[in-house]
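Subject: A structure to look through

Dear colleague,

Here is the structure I promised to hand over, with notes on what was found in it. Please keep it open beside this message while you read.

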Amino acid sequence: MAEEVLALREQLVAEATCPLCLDLFEQPVLTACGHSFCGQCLAGVLGNPPRPAACPQCRAPVEPGSLRPIRSLGNVAGLARSLEEVAARPRCPQHGKPLAQFCEPCAALLCALCRYEPEHRRHRVRPAEEAARELRETLQSNLLSLQEQKENLKCRGDQKSKDLQTAVMWELQRVPETFEELQRCMEEKKKILLAQLEQKFQELVNKSEEYKSRVLERQSLLDTVIVQIQEKRDQPAVEFLTDVGRILSSCEAAKAPIPEPVSPELQRSIESLSEKIQWVVDMVDRFKVSLRREIDWGVREQVRLDPETAHPCLILSDDCKTVRFRTGKQNLPDTSKRFTGSLSVLGSQGFTSGRHYWEVDVGEEGCWALGVAMESVPRKESLDLHKFENVWALQLDWRGQYRAVCTTPDVLALRENLQRIRVCLDYEAGQVTFYNTEDMLQILQLEATFTEKVFPYFWVYSEKKQIQVCD
């Protein structure tokens, strides 16, 4: 039966097909010779303006005014077209029926028999055409919304990128200009200070030369007056008194004080200039310290101590920023991460790249060490900090000596005790550098080859001693 219906459908489609376009008739017309064509197809044969032509099928003459519309054939073509659409619809693989219904909760096409299956029986099921019409509207609304969102996102992203590019370009211009302006300012101030110093130096030289000249003059006057007195004192009275007044005047002149080579005014002006220079030196030192603090070492890390790694004799604060030593072990689980062979603890965050730094307050006394350690550092063995290869640190030992903790330990000659230390890690360069945060002077730099994750490392070996990671 199905094969017969299929054959009839094919025969109907063949009868309703235009011989010119080989498609179903659209507004068919009939020629005087009895052949049918789509109106548009035959109009193409007749030309514009229409003129007599040969019938495409029998070559009989066709006059433009002789064509007659065939509405019944057009209706037949419409029916054939509907049959084609119905035949083209997908069918249910289970029942072979057309999938003409739509289950909304399942978003699935159903046939008439699927509609009554248990999984769809209580669901809202609508005709496929109706559901498609409504969902097309929904999709169209979503399409417009998403397209608008896409445009807005594109514009916003592009504008943000452009704004950032403009900002970076401006900074590229501002940085050299700032340093050049600073250099010019410093050069001007240097010239002024040097000119003032040279002026004061020349004043000192001139005053010194003037003083030496006066001393020589006084020495000559003294020699002359002494000789005159020696000659005058033994003369007879009348001869003695003849010009004794002149000699007495010379004596007074010889006893008059010689002005000092450095006047109080000159001394005050030099001291004031020295104070000004010292202020400049201190200001430049502070400026260099500030630059190093803000620029030299990239990302400042907020290091927290990892309780799971702490030796049972180490007590951590609630915020995991402070560690101190206490005799007597705590009852803690002995996991693979925990140090039991050395009084050590690691930071909770490790690094596998980049440049990082953190600061530690070590106080004034006690035995401690701080730096970095590889993740594979032994946890259960006793560590010899002076020889161990997986730790790079700075240590204050029980003798009060500062030491490098690495494969080649050295005693450091420091002029003052350290209280706050900056630890700097450059993973790619393989460097661990320590600075005194008071003046940002480098204490120690250790070379390393990092092949795995590296963690901040801390070691405490003093009763009641604590070290604190700074915010």
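Which residues does phenylalanine 450 touch, not counting residues up to four places away in sequence? Phenylalanine 450 touches Val372, Met374, Trp392, Leu425, Asp426, Tyr427, Gly430, Gln431 and Val432, where contact means that heavy atoms lie within 4.5 Å.

Before going further, please note that this is a predicted model, in which local features need pLDDT of at least 70 and side-chain atom pairs count only at pLDDT 80 or more, while totals for chains, interfaces and linings use all residues. Residues are numbered from 1 along each chain as its sequence is written, and side-chain values use heavy atoms, with hydrogens and water left out.

Phe450 also belongs to the largest nonpolar core, which has 56 residues, and together with Phe434 and Phe458 it touches the most other members. A nonpolar core here is a set of buried Ala, Val, Leu, Ile, Met, Phe, Trp, Tyr and Cys residues joined through side-chain atoms within 4.5 Å; buried means under 20% relative accessible area, exposed means over 50%, and partly exposed lies in between (1.4 Å probe, protein chains only). There is also a second, separate core of 18 residues, and Val29, Val62, Leu73 and Ala80 are among them. In soluble globular proteins, nonpolar side chains tend to be buried together.

Turning to the whole protein, its secondary structure comes to seven helices and 22 strands, which are DSSP runs numbered from the N terminus (helices are H or I, at least four residues; strands are E, at least two). The radius of gyration is 53 Å, whereas a compact globule of 471 residues would have one near 23 Å; the value is taken over C-alpha atoms, and the globule rule is 2.2 Å times the number of residues to the power 0.38. Along the principal axes, the C-alpha atoms fill a box of roughly 185 × 80 × 40 Å. Of the 471 residues, 31% count as buried, and among the contacts with a separation of 6 or more, 58% are between residues 24 or more positions apart.

Threonine 322 is in strand 11 (residues 322-325), and it counts as buried because its relative accessibility is 13%. Leaving aside neighbours within four places in sequence, threonine 322 is in contact with Leu305, Ile315, Leu316, Ser317, Gln466, Ile467 and Gln468. Cysteine 470 lies in the segment after strand 22 (466-469), and its relative accessible area of 10% is why it counts as buried. With the same exclusion of residues up to four places away, cysteine 470 touches Arg300, Lys321, Glu359, Val360, Asp361 and Arg420. The C-alpha atom of cysteine 470 is separated by 94 Å from that of valine 45, which is 425 residues apart from it along the chain.

Finally, some details of the backbone. Most residues other than glycine have a negative phi, and most peptide bonds are trans. Glutamine 27, in the loop between helix 1 (2-15) and strand 1 (28-30), has a positive phi near 50°, and it counts as exposed at 69% relative accessibility. Alanine 107, found in the loop between strand 6 (101-103) and strand 7 (108-110), has a positive phi of about 50° and is exposed, with a relative accessible area of 56%. A cis peptide bond, with omega about 5°, joins asparagine 48 and proline 49, and proline 49 is in the loop between helix 2 (39-46) and strand 3 (53-54).

With best wishes
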